[in-house]
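Welcome! Open the structure in your viewer, keep the selection tool ready, and follow along one stop at a time.

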Amino acid sequence: MDNPLTIVIVSDSTGETAQTYLKSVTTQFPDLETKIIRRPDVTTIEEIDKIFTGITEYSIIVPTMADKDLADYICNKAEERNIEVLPILEKGIETFEKVTGQKAIREVGLTRALSKDYFSMIEAIEFAIQYDDGKDPRGFLKSDIVLLGVSRTSKTPTTMILATKNYKVSNLPLVPESRLPKEIFEVDSDRLIGLLIDPEKLVNIREDRSKELGLIGESVYSRENRIQAELEYAKEVYKDLDCKVIDVTNNTIEQTATQIVEYYKSKFGEEN
């Protein structure tokens, strides 16, 4: 046919998921000309009727409606007009209900909520990158959580894991010779987390890091007396700031992140 195949997505949410799915299908038909129309936020029969006024037989309707009555109405109306329906959401729900024996809650707008969570995560990751390693102290007051610790206590990896959980996190390396930024004293102490580690383990970690960097011989960075001094300084800072302290010696990064989230929720509930 000369006209493109019209694909109409009718959704009670954004319709983005259906559009992504359809693109994966249409790529399998490289010689087929298609036109995808997305109709989001459809919640009434009147809106559905209006959509159908502009649809020809050479079309496919793709409803993603949580409301079964509206989904059925679309299917019936399409059948009356000899238009094919691809009910991807309804088919998925029916399959899961059949296999699990559970009934879907059929709540409108859940996909949009998931999308918001996704974009919140991206925003948190961008925040973590921007305010990593204390390079912009203004980030401390914008943070949900601020991590503090001497070098190689996994501040950055922990920050990134927390970002994937939608927390805006900055971190500050503690160096005895460097003055603490004034902004850190303005942060709510409940948002500050100090990381500690066994000095012997830190010696090993730093020695391995020095080898990775191609450094030959003993460096001040990995000397035990230097590490002891740094950790004592960190303890003094944590005491002055009256912040939560977590020993990461035997933790994986994921375990540290989990401890931080549990502590945060105990202070702020589900806020983030």
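What covers the buried residues of H7? Helix H8 (224–241) is part of the answer, with contact meaning heavy atoms within 4.5 Å. Before you select anything, note that this is a predicted model, where local features need pLDDT of at least 70, side-chain atom pairs count only at pLDDT 80 or more, and totals for chains, interfaces and linings use all residues. Residues are numbered from 1 along each chain as its sequence is written, and side-chain values use heavy atoms, leaving out hydrogens and water.

Select residues 199–212 to see H7, which has 14 residues. Helices here are DSSP runs of H or I with at least four residues, numbered from the N terminus. From first C-alpha to last, H7 reaches 20 Å, close to the 20 Å expected at 1.5 Å a residue (1.5 Å times one less than the number of residues).

**Stop two: its two sides.** Colour Pro-199, Leu-202, Val-203, Arg-206 and Ser-210, the buried residues of H7; buried means under 20% relative accessible area, exposed over 50%, and partly exposed in between, with a 1.4 Å probe and protein chains only. Looking down the axis of H7, you will find these buried residues within an arc of 105°, so they line one face of the helix. The arc is taken from the directions from the helix axis to the C-beta atoms. Now pick Glu-200, Lys-211 and Glu-212: these exposed residues sit on the face turned away from the buried side.

**Stop three: the ends.** At the N-terminal end, Asp-198 caps H7, with a side-chain oxygen 3.1 Å from the backbone nitrogen of Glu-200. After H7, select Gly-214, whose phi is positive, near 80°.

How values were computed. Helices (H or I, at least four residues) and strands (E, at least two) are DSSP runs, numbered from the N terminus. A polar contact is a pair of N or O atoms within 3.5 Å; within protein, one must be able to donate a hydrogen and the other to accept it, and residues adjacent in sequence count only if both atoms are side-chain atoms.
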